[in-house]
Amino acid sequence: MTTHAIFNRPMDAPIPPGFDQAIFGMGCYWGPERLFWKQNGVWLTQVGFAGGTTENPTYEQVKSGTTGHAEVVRVIYDSSKISYDHLLQLFWENHDPTQGDDVGDQYRSLIMVFTDSQRAAAEASKIDYDNRLAVAGFGKITTRIVGPAPFWPAHDAHQQYLEKNPDGYCGLKGTGVEASLPNPDPI
C-alpha cells in the first residue's frame, strides 16, 4: 500500500465522513497536485486520469492520445476548513482554461463534479470567470464540467512527484485574471 509523501496516509484510504472530493484537470498534473496539497483543509491529493473510455489506463496509453483521458488531480478536503469555491478559484487562476483541446485530451481543462451543489458552483464560477477573461481579451473557456466517472490513479512514481523531484516540471501558469470567491472559506 502506497503512502502519501506529504500527508503520510495510505493513498487508498477511504474518504473520511464529512469530507468531500473534487477532481480537476489543469494540464500536467504535477503542479496542480502540489498547489492543492499546500492548502489548509486538504486531506489527500492523488494524480491520475479521468474523463476517457479506457479502463485503468497506463501513463503511456494516456500519452498516446487514444484513451480520451485527461491528467487530473483528485482532492479530498474538509469543507469546514476549505470551501469548494476556494478550490474552484485556485483551479481557474492557475491554468489557461481557454486553450481548448489544442494540446490534446491529456492536458485539457476539466472539472468533475460529484454533487448538485458542486455542479451549480462550477457552472456559476465558469460563467463568472468567462466574463472576467472576456474583459481581459481572452477567448471563451473550453473547460468541460462532467459528472462522476471513474478516476484511475497514476503509477506511484507520479504521485507527489514535485515533492520527490523538487526541480521537476511544474507547468502551472494562469492567465493573470483573478477569479471571484463568492463564499469565503469557513473560519
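In which loop is His155 found? His155 is in the loop between β6 and α5 (161-164); helices (H or I, at least four residues) and strands (E, at least two) are DSSP runs, numbered from the N terminus. This is a predicted model, in which local features need pLDDT of at least 70, side-chain atom pairs count only at pLDDT 80 or more, and totals for chains, interfaces and linings use all residues. Residues are numbered from 1 along each chain as its sequence is written, and side-chain values use heavy atoms, leaving out hydrogens and water.

His155 is partly exposed, at a relative accessible area of 37%; buried means under 20%, exposed over 50%, and partly exposed in between (1.4 Å probe, protein chains only). The C-alpha atom of His155 is separated by 8.0 Å from that of Gly48, 107 residues apart along the chain.

Gly48 stands opposite Pro153 in β6. Strands β2 and β6 (residues 151-153) pair in the antiparallel sense over 3 bridges, where pairing requires that DSSP finds at least two bridges between two strands. β2 also pairs with β3 (residues 70-77), antiparallel over 8 bridges; there Val42 has Tyr77 as its bridge partner, and Leu44 stands opposite Ile76. Because 9 of the 9 residues of β2 (residues 42-50) are buried, this strand is largely enclosed by the rest of the structure.

The open sheet has 6 strands in the order β5-β4-β1-β3-β2-β6, with mixed pairing. Its edge strands are β5 (144-146) and β6, each pairing on one side only. Helix α1 (residues 30-37) packs on the sheet and touches β1 (20-26), β2 and β3, contact meaning heavy atoms within 4.5 Å.

How values were computed: Axes fitted to C-alpha atoms, helices over the stretch in contact; angles between N-to-C directions.
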